[in-house]
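Trainee: Could you take me through this structure by question and answer?

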Amino acid sequence: MHALCIQTLGMAVGHGVRCLSQLAELPELHQMMRQTCRDYAQKELAPIAAQLDKDHKFPAKQVKELGAMGVMAVEVPESLGGAGMDYLAYCLAVEELSRGCASTGVIVSVNNSLYLGPILKFGTEEQKKQWITPFTTGERVGCFALSEPGNGSDAGAASTLAQQEGDEWVLSGTKAWITNCWDASATVVFATTDKSLKHKGISAFLVPMPHPGLSLGKKEDKLGIRASSTANIILEDCHIPLGNMLGERGMGFKIAMQTLDSGRLGIAAQALGIAQAALDCAADYAHKRTAFGAPIGKLQAIQFKLADMALAIESARLLTWRAAMLRDAKKPFTKEAAMAKLAASEAATFVSHQAIQVLGGMGYVTDMPAERHYRDARITEIYEGTSEIQRLVIANNILKEYQQ
Amino acid sequence: MHRSSEVKHVASYLNTRGCECFGQPCESHCPVLTDRTIHVQLKTFIKIRVKPDRTGVVTDGVKHSMNPFCEIAVEEAIKLKEKKLVKEVVAVSCGPQQVQETIRTALAMGADRGIHVEVSGKDYETLGPLQVSKIFAALAKKEQADLIILGKQAIDDDCNQTGQMTAALLDWPQGTFASEMTLEADKLKVVREVDGGLETIKIKLPAVVTADLRLNTPRYATLPNIMKAKKKKIANVKPADLGVDVCSRLEVLKVDEPPQRQAGVKVETVDDLVGKLKEAGRV
């Protein structure tokens with residue numbers, strides 16, 4: 001399948017830069033996959049999304065169903081229980097699912113990109129069997145513990161400690177803002193094994209959940225994506241076997257950064273889904289609502305809004321697809337991924353803001369989903385790299401390109 | 001975004017080989033042929049418009065997908081295969097190039113191979129249950145099918161004829177409006193949803209079954225199955241190859257939208273009501 005995708009995209013990816021415009025449409029496989037996810041989101045997620053949001057309820061049944069479909073482990077090879085598809089397929093899946101329910105989208109994204117991603121890339125064969133296969137079915141989900149109360153963007157300043165005691169690592173410290181943690185069965189934790197080396201002293205560890213020495217803080221009461229749990233992970237004298245280190249000692253920061261490079265495409269896809277749902281809502285309303293004797297879609301003010309909304313989404317979508325295709329072709333994609341995440345998250349906040357405007361008063365009440373899209377969109381500019389960090393990443397890459 | 005397609009009739013077959021152990025429980029070497037009709041499903045929130053020349057409805061630009069009853073039929077066929085009561089599931093569709101998409105969806109659900117009976121242009125516009133059932137009957141003989149499962153009706157034309165006609169042409173028994181079907185040796189027990197309630201019948205194979213709503217809940221294609229579907233074969237056949245003439249014996253005179261709902265009139269007494277009805281010539 002991967003080869004087929006490359007064949008179809010062929011010259012486009014091979015020559016990288018300008019050829020995306022040659023892509024009239026997605027390969028058939030991706031279209032089928034996208035349609036399946038869209039059908040699932042429409043039938044199973046969209047009808048319950050509002051209630052999940054009200055109840056702050058983890059969609060366990062739906063996550064299991066998505067696991068059975070292969071969506072919880074899109075890139076994981078079939079030998080380990082995954083779907084064995086490429087990253088473009090994954091981005092399409094997350095976008096379509098997020099269009100139905102943004103919380104479900106982030107649950108799928110975190111499991112795929114932030115949990116399975118680093119283990120797939122840096123894990124030993126043994127670790128892959130133990131920590132990947134059970135997490136492909138939707139029965140279990142994983143999470144990613146990098147941020148701390150004292151540092152989010154400043155990931156290199158991790159203060160969670162990992163000390164070797166005999167044949168065990170002992171972790172202590174607190175992690176903050178961990179998505180999925182109340183529903184997770186394992187986590188990738190970043191802790192420093194040598195504070196003096198600063199970011200080069202950080203290592204990655206695999207910790208099962210629940211586990212002695214690991215406890216969870218209270219569930220955060222969030223503005224949006226309320227069906228996914230977010231809380232602190234508190235490590236107090238948490239003992240894990242030496243074999244639970246992921247990658248080499250001191251490799252943690254590199255693992256985190258590379259993981260986030262990919263993870264931000266998942267979030268870009270989620271943002272696109274939210275934005276698309278908001279546009280769907282606004283455009284539908286523009287047909288139905290009449291004012292001044294005609295549907296409001298006839299008014300230029302509304303038309304200009306809809307045009308700007310659609311433009312923002314389409315641009316961000318193409319950036320996302322391009323970054324995903326570069327990644328699939330094993331080409332550098334850091335700059336493009338940052339651009340995609342930045343564009344998509346800003347599109348999501350812009351589009352959902354305008355969608356409420358188009359709906360007027362109806363946009364402000366819970367009877368219509370516009371307010372939920374507005375609340376869900378906001379986080380996409382913050383997690384997995386704030387918009388400010390994305391700009392720094394892009395700028396650094398540009399400056400490197402123009403290096404004298 | 002890919003263009004929406006014009007899919008009118010898609011039928012899926014399950015293929016079967018001659019069963020030597022006639023009278024014995026059908027094991028994996030006795031495949032069952034299930035046939036199913038998939039029709040265009042015009043999304044319910046899309047406003048259906050009558051064509052300006054009033055010969056039909058506008059289908060251009062309307063997203064087409066598998067008929068819901070046909071999805072149920074495919075699901076049933078695949079379940080039979082999973083229970084090892086059936087050897088091979090063949091999905092069949094009659095229509096233009098775009099029906100291949102729908103066949104692929106059936107393949108992604110788990111059908112083994114597809115047959116695309118090419119009917120396009122004017123022939124396709126006039127394709128109706130009689131021609132489709134002739135095609136199915138011919139294919140059933142060619143593929144030596146044992147069981148044909150179709151959706152009970154298509155939700156665009158609501159004909160509810162193809163299954164019955166196919167059975168008649170083949171001189172096979174039929175179990176229509178099935179809400180339950182169980183394979184017992186060489187007989188098929190079918191529970192039918194009829195106006196009076198539920199009717200249970202036993203029919204001998206080979207047979208035709210049409211699927212009703214409560215037969216099962218169709219599965220979503222899994223990503224690995226979508227990938228496998230790419231490798232499965234879809235054979236191309238023309239109606240002429242099967243000796244079928246798709247010329248229609250029906251001529252659509254005109255198609256109109258349902259009349260606009262008129263405002264009602266409120267009356268005070270029953271006498272008034274009767275009086276008004278008499279005035280309007282209704283009684």
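This is a predicted model: local features need pLDDT of at least 70, side-chain atom pairs count only at pLDDT 80 or more; totals for chains, interfaces and linings use all residues.

Mentor: Residues are numbered from 1 along each chain as its sequence is written, chains are lettered from A and ligands numbered from 1 in the order in which they are written, and side-chain values use heavy atoms, leaving out hydrogens and water.

Trainee: How many helices and strands are there in chain B?
Mentor: Helices (H or I, at least four residues) and strands (E, at least two) are DSSP runs, numbered from the N terminus. On that basis, chain B has seven helices and ten strands.

Trainee: What percentage of the residues in chain B are buried?
Mentor: Buried means under 20% relative accessible area, exposed over 50%, partly exposed in between (1.4 Å probe, protein chains only). Chain B has 283 residues. The buried share is 48%.

Trainee: At what angle do the axes of α4(B) and α5(B) cross?
Mentor: Axes are lines fitted to C-alpha atoms, for helices over the stretch in contact, and angles run from 0 to 180 degrees between N-to-C directions. α4(B) covers residues 129-143, and α5(B) covers residues 162-170. Their axes come within 8 Å and cross at roughly 50°.

Trainee: Which word describes how α4(B) and α5(B) lie to each other?
Mentor: Angles under 35 degrees count as roughly parallel, over 145 as roughly antiparallel, 65 to 115 as roughly perpendicular and the rest as oblique. The axes cross at roughly 50°. α4(B) and α5(B) are therefore oblique.

Trainee: Which residues in α5(B) meet α4(B)?
Mentor: Contact means heavy atoms within 4.5 Å. On the α4(B) side, the residues include Leu130(B), Phe136(B) and Ala140(B). On the α5(B) side they are Thr162(B), Met165(B), Thr166(B), Leu169(B) and Leu170(B).

Trainee: Which helices do the buried residues of α6(B) pack against?
Mentor: α6(B) spans residues 223-231, and its buried residues are Leu223(B), Pro224(B), Ile226(B), Met227(B) and Ala229(B). In chain B they pack against α2 (99-109). In chain A they pack against α3 (28-55) and α4 (60-69).

Trainee: Is Phe177(B) buried or exposed?
Mentor: Phe177(B) lies in strand β6 (residues 174-184) of chain B. Its phi is near 55°, a positive value in a residue other than glycine. With a relative accessible area of 18%, Phe177(B) is buried.

Trainee: How does Asn160(B) count by accessibility?
Mentor: Asn160(B) sits in the loop between β5 (147-151) and α5 of chain B. It has a positive phi of about 60° although it is not a glycine. At 23% relative accessibility, Asn160(B) counts as partly exposed.

Trainee: Where does Pro206(B) lie?
Mentor: The peptide bond from Leu205(B) to Pro206(B) is cis, with omega near 0°. Pro206(B) is in the loop between β8 (197-204) and β9 (207-211) of chain B.

Trainee: Over residues 143-238 of chain A, what is the strand percentage?
Mentor: UniProt lists this range for "domain: Acyl-CoA oxidase/dehydrogenase middle", in an unreviewed entry. UniProt positions are given in the numbering used here, feature names are shortened, and annotations may be inferred rather than shown by experiment. The range is 0% helix, and its strand content is 50%.
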